[in-house]
Amino acid sequence: MAQRIGTKLFVSRLSFYTTKDQLKNLFSPFGQVTEVNLVMDSRTGRTKGFGFVSYQSENEALKAIKAMNGRIIAGRIIFVEPAKDTR
DNA sequence: GCTGAGCGG
């Protein structure tokens, strides 16, 4: 299977006030985002601090990773890496 | 009103 990226991106270490809309406009210019999902907590109704971003192609997803990995968002460092294809 | 490793529904 070798190294497979996948179109799903795992975005973590976000600020607790960052929303899905923020991620969308931050990851949109790097490629066509087909899906943006911010994981919410059922107890507080706020973000867990991580989410998922999907692109049309793996090359766009990989480009977004290199472009946004370890970048400053909302004054915090965010980690971007391919999500597990455990789906 | 806060916190801070991880892979959601």
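A polar contact is a pair of N or O atoms within 3.5 Å. The legends below refer to a predicted model.

**View 1. Backbone contacts to the bases of DNA strand B.** A backbone N or O atom of Lys-84 and a base nitrogen of DNA strand B are 3.5 Å apart. At Leu-14, a polar backbone atom is 2.3 Å from a base nitrogen of DNA strand B.

**View 2. Residues around DNA strand B.** The protein places 19 residues around DNA strand B, and those that come nearest are Arg-13, Leu-14, Tyr-17, Asn-37 and Phe-50. Of the atoms of DNA strand B that come within 4 Å of the protein, 21% belong to sugar and phosphate. Sorted by class, the surface near DNA strand B comprises nine nonpolar, six charged and four polar residues.

**View 3. Strands that supply the surface near DNA strand B.** At least two residues of this surface come from each of strand 1 (8–12), strand 2 (33–40), strand 3 (47–55) and strand 5 (76–82). The largest contribution is that of strand 3, which gives four residues.

**View 4. Strand 1 and its two pairings.** Strand 1 runs antiparallel to strand 3, and four bridges link the two. One of the bridge pairs joins Val-11 to Gly-51 of strand 3. Strand 1 also pairs with strand 5, again antiparallel and with four bridges. Here Leu-9 has Pro-82 of strand 5 as its bridge partner.

**View 5. The salt bridge between Arg-43 and Asp-41.** The whole structure contains one salt bridge. Arg-43 and Asp-41 form a salt bridge in which the closest N and O atoms are 2.5 Å apart. Asp-41 has a relative accessibility of 10% and so counts as buried, since buried means under 20%.

View 6. The UniProt record, an unreviewed entry, places the feature "domain: RRM" at residues 7–85.

Note on methods. Residues numbered from 1 in each chain as written. Chains lettered and ligands numbered in written order. Predicted model: local features only at pLDDT ≥ 70, side-chain atom pairs only at ≥ 80, totals over all residues. Heavy atoms only, no water. UniProt positions renumbered as here; feature names shortened; annotations may be inferred. Near = heavy atom within 4 Å. Polar contact = N/O pair within 3.5 Å; in protein donor to acceptor, adjacent residues only side chain to side chain. Nonpolar A, V, L, I, M, F, W, Y, C, P; charged D, E, K, R; others polar. Pairing = 2+ DSSP bridges. Salt bridge = Lys/Arg side-chain N within 4 Å of Asp/Glu carboxyl O. Buried < 20%, exposed > 50% of the residue type's maximum accessible area, 1.4 Å probe, protein only.
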